[in-house]
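Please walk through this model with me, one feature at a time. Keep the sequence beside the structure as you read.

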Amino acid sequence: MDAAAGSLVLVLIIVFLAIILVTKSIKIVRPYQKGIVERLGRYQRTVDSGLNIILPFFDTLLKVDMREKVIDVPPQAVITKDNVVVEVDAVIYMQVTDPMRSTYEIANFIIAAMKLAQTNLRNIVGDLELDQSLTSRDSINTQLRDVLDAATDKWGVKVNRVELQKIDPPIDITEAMSRQMKAERDKRALILEAEGVRQSQIERAEGEKRKRILEAEGEAGAVRAKADAEKYRQVAVAEGQGQAITTVFEAIHAGKPTNELVTLRYFDVLQKLADGTATKIFLPYEISGIISSVAAMIEGAQSNKEADLNIQPRTGGQ
């Protein structure tokens, strides 16, 4: 009975020891981790995620997080090239690429990267003037990332990105910049307004010029049309008068008029001229000949009358 109990106790001890050995031998590494196996204090190997078997009591498994880490660089005062104190902070995105070197080459790469970023921020921003530092964020980010990446490469760490969060000048500088910016905006607004007024005046002048040109062209066209109409009227009247004169002339010649008839018609025309409103009448040079003809007609008429008178007494005496 005692032997059976002793055997049972021995079996239980062996099972217990086996469970302990299995527990110590089996290690599980998460998907975002890698393991470093040390045997008696020396680096043995690097294991991937999953189920891994190690030698119990001799091997030790150290787990390294391979995920990207975000490191917030605390704000610090930096003096720019033009002696302005600005407060600068940044954010670093970094990731372990070699778990063995990140474990054995540096005690705490997060603190080391943070201090290195602060130091290089002072160097990079200190070489720039205030205006340059405010407008050169991308350049500062790139320079700082290159410096940190070169320094952390031997630690088995990769710096993916560096972003400046803020660059804050002193309050008085900020107020002065705000006033300057407002003045620049007001200046641009006045320039744009003046340019708009000038353009409007130019457009108005161009429109007025075009209007006057069109009006002048219209008036010229109207005058031209009126002149053409007057010309046509005068030509038509002249042609009518010419045809009338020709008809009268032909009629006169066909009727074989005497000089006395022509003279009387001439006086009829003079009578019509005298009926006008003119106070002066210019007679042609040929009027003297016509007057002579009239005088001859009058003398001829008187002679005929006297001859008739002389003839009548003789007839009574008989």
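Buried means under 20% relative accessible area, exposed means over 50%, and partly exposed lies in between (1.4 Å probe, protein chains only). By that scale, Arg 101 is partly exposed at 27% relative accessibility. Asp 98 is also partly exposed, at 22%.

A word on the ground rules. This is a predicted model: local features need pLDDT of at least 70, side-chain atom pairs count only at pLDDT 80 or more, and totals for chains, interfaces and linings use all residues. Residues are numbered from 1 along each chain as its sequence is written, and side-chain values use heavy atoms, with hydrogens and water left out. The term pLDDT is the predictor's confidence in each residue, from 0 to 100. The protein chain has a mean pLDDT of 81, and 77% of its residues reach 70 or more. Over residues 313–318 the pLDDT is below 50. Beyond near neighbours in sequence, that stretch has zero contacts in the model (contact means heavy atoms within 4.5 Å).

Now the charged pairs. Side chains of opposite charge can pair when their charged atoms come close. A salt bridge here is a side-chain nitrogen of Lys or Arg within 4 Å of a carboxyl oxygen of Asp or Glu. The whole structure holds 12 salt bridges. Arg 101 and Asp 98 form one of them, at 3.0 Å from N to O.

Asp 59 and Arg 39 form a salt bridge too, at 2.6 Å from N to O. Asp 59 lies in strand S5 (residues 59–65) and Arg 39 in strand S2 (residues 33–39), so this pair ties together parts that are 20 residues apart in sequence. Helices (H or I, at least four residues) and strands (E, at least two) are DSSP runs, numbered from the N terminus. Arg 39 is partly exposed, at 32%.

Glu 87 sits in strand S7 (residues 85–96) and Lys 166 in strand S8 (residues 157–168), 79 residues apart. Glu 87 is partly exposed at 36%, and Lys 166 is partly exposed at 29%. Asp 168 belongs with them: Glu 87, Lys 166 and Asp 168 are linked in a network of salt bridges.

Go back to S2 and S5. Strands of a sheet pair through backbone hydrogen bonds, either parallel or antiparallel. Two strands count as paired if DSSP finds at least two bridges between them. Seven bridges join S2 to S5, which run antiparallel. Ile 36 has Leu 62 in S5 as its bridge partner. Three strands make up this open sheet, in the order S3-S2-S5, with antiparallel pairing. Strand S3 (42–47) and S5 each have a single partner strand, so one side of each is left without a neighbour in the sheet.

Finally, the nonpolar residues. A nonpolar core is a set of buried Ala, Val, Leu, Ile, Met, Phe, Trp, Tyr and Cys residues joined through side-chain atoms within 4.5 Å. The largest core has 33 residues, and Val 86, Ile 92, Met 94, Leu 121 and Ile 140 touch the most other members. Strand S6 (69–79), S7, helix H3 (109–126), helix H5 (137–152) and S8 each give two or more residues to this core. H3 gives the most, with eight residues. Leaving aside neighbours within four places in sequence, Leu 121 contacts residues including Val 78, Val 88, Ile 140, Leu 144 and Leu 164.
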